[in-house]
Amino acid sequence: MAKRDFYEVLGVQKGADEAALKSAYRKLAMQHHPDKNPGNSESEAKFKEISEAYDTLKDGQKRAAYDRFGHAAFENGGGGQRPGAGFGPDFASSMSDIFEDIFGDFVGGQRRGTGGGAAKLRGSDLRYNLEISLEESFLGRTVEIDVPTLVGCTTCEGSGAKPGTGKHTCRQCNGHGKVRAAQGFFTIERTCPVCQGRGEMMDEPCTDCGGQGRRQENRKLSVSIPKGIEDGTRIRLANEGEAGLRGGPPGDLYIFISIRPHELFQRDGADLYARVPIAMATAALGGEFEVPTLEGTRAKVKVVAGTQPGQQVRLKGKGMPVLRAKDMGDLYVQLDIETPQNLSKRQRELLEEFQNLTTRETNPTSDGFFSKLKKMFEA
C-alpha cells in the first residue's frame, strides 16, 4: 500500500512552519496514542504514520529532501522510520518535543538549542542590612556602603576563558547544555554533567577567575536615604547584585533599613512621642520648658496650671517628615509629674501646712474617689 503524503497525514499545508507542524502532531498524537486506544490496531497504525511524518518534516534537511524527491528520498535505508519498527529513537525525539512544549516553561528549563552555545543566566539578588539613626531618617542623607559581591571578570570579560584561547562544543551534549534519556513514554532531561549546562568547554580557563567568569570583590556604593524613611523600608538598587553567568545580566541589590532606638523620642508613623517629667509645683502652678527637636532647634512647651499626670501637649509640625511629601507629623509631649523626694524639714512643714489647707475644690478627683469608697464601706 502506497504511503500517504506526509503533509496530508498531519493535515497541514506544504508551506507550514515548525509551530504549525508541532501543533498538528501534538493533537493527532494525543488522539491516536496506543495508551488511549488499547488493542486498537488502526489507531496504532495511524500513530506510527503521524510519528514518521512529523520526524521527517520537523528536520530541515529531511524535509528538503522529502519536498524534492518524496518518499523515494528515504527508501533503501535512507533514514525514515521503517515499517513495523515500533517506537524507537525517532519517536522518543518527537515526543520529547511535545513534552518540552507542554512542560518546559513550568520546570524553568531552557529550550533546546541548535548548538547556540551557553545560555546567559541572570545573577543573584543581594540583601544588605543598613542601620541608621532617627536623625538620619529625619534629615535624609547619602551613605557609603561596602558590599561583598561577585563581579564580572575584567580579564576574560565574563567568558571564563583565558584571553587568546578558544572554546569548543561539549562532546557530551553537542552544545545543548542538557542530556536526555528516554524512559517509557517520556524523555528525562538533565543538565549536562560535563559542561555544567554551558554547552561548551574552554580550551584554557581564565587564571584570574578560575573559569567562572566572575570573581569576588567588595564594591563601594552610594545610597540615598530619603527624608522620612521608616523602619523596615526596602530600597532597591537595580543591577547592583551579583554579576550574571556567562555574560548574563546582574541581579539587584536590596537594602533593608532599620532605625536605632532614640533616647528621647519614640516614633509612630510621622508622629513623635516624648515623655517629660515635670515638678509637682510646675504642674500645679503652670509654667513652661523647652525640648529639643530632630531638626536641631528648641521648642517651647507650655504647662497649664493644674496639669494632671499623663496629659499630652501637641506641638504641630514638629514630628517626622512624610516620605516623598511636604507634610510633617506632630510631636506629642507626655507630662509625667514627679513627686518630691528627700524633703528638708522646712519643705516638709510647708507641704503639711498645704495639705491641711486643701479642700474638695483643690483635689476634686481624689476627694471624689475616696468619697465613693467611704460610701461603699458604709453600705
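Of the contacts (heavy atoms within 4.5 Å) between residues at least 6 apart in the protein chain, 64% connect residues at least 24 apart in sequence. The model is predicted: local features require pLDDT of at least 70, side-chain atom pairs count only at pLDDT 80 or more, and totals for chains, interfaces and linings use all residues. Numbering starts from 1 along each chain as its sequence is written, and side-chain values use heavy atoms, with hydrogens and water left out.

The protein chain contains nine helices and 15 strands. These are DSSP runs numbered from the N terminus (helices: H or I, at least four residues; strands: E, at least two). Of its 379 residues, 32% are buried. Buried denotes under 20% relative accessible area, exposed over 50%, and partly exposed the range in between (1.4 Å probe, protein chains only).

An open sheet of four strands runs in the order β10-β11-β15-β14, with mixed pairing. Pairing requires at least two DSSP bridges between two strands. β10 (266-268) and β14 (312-315) are the edge strands; each has a single partner, so one side of each lacks a neighbour in the sheet. Neighbouring strands are turned against each other by 30° on average, direction ignored. Axes here are lines fitted to C-alpha atoms, for helices over the stretch in contact, and angles run from 0 to 180 degrees between N-to-C directions. Strands β11 (271-279) and β15 (331-338) pair in the parallel sense over eight bridges. A274 has V333 in β15 as its bridge partner.

Two loop residues were examined. G177 lies between β3 (167-169) and β4 (178-183). G177 is buried, at 2% relative accessible area. Leaving aside residues up to four places away in sequence, G177 touches T191, C192, C195, G197 and G199. The C-alpha atoms of G177 and T191 are 6.2 Å apart, across 14 residues of chain. D252 occupies the loop between β8 (234-237) and β9 (253-259). D252 is also buried, at 6% relative accessibility. With the sequence exclusion of up to four places, its contacts include R122, D125, R236 and E240.

L351 belongs to helix α8 (345-357). L351 is partly exposed, at 33% relative accessible area.
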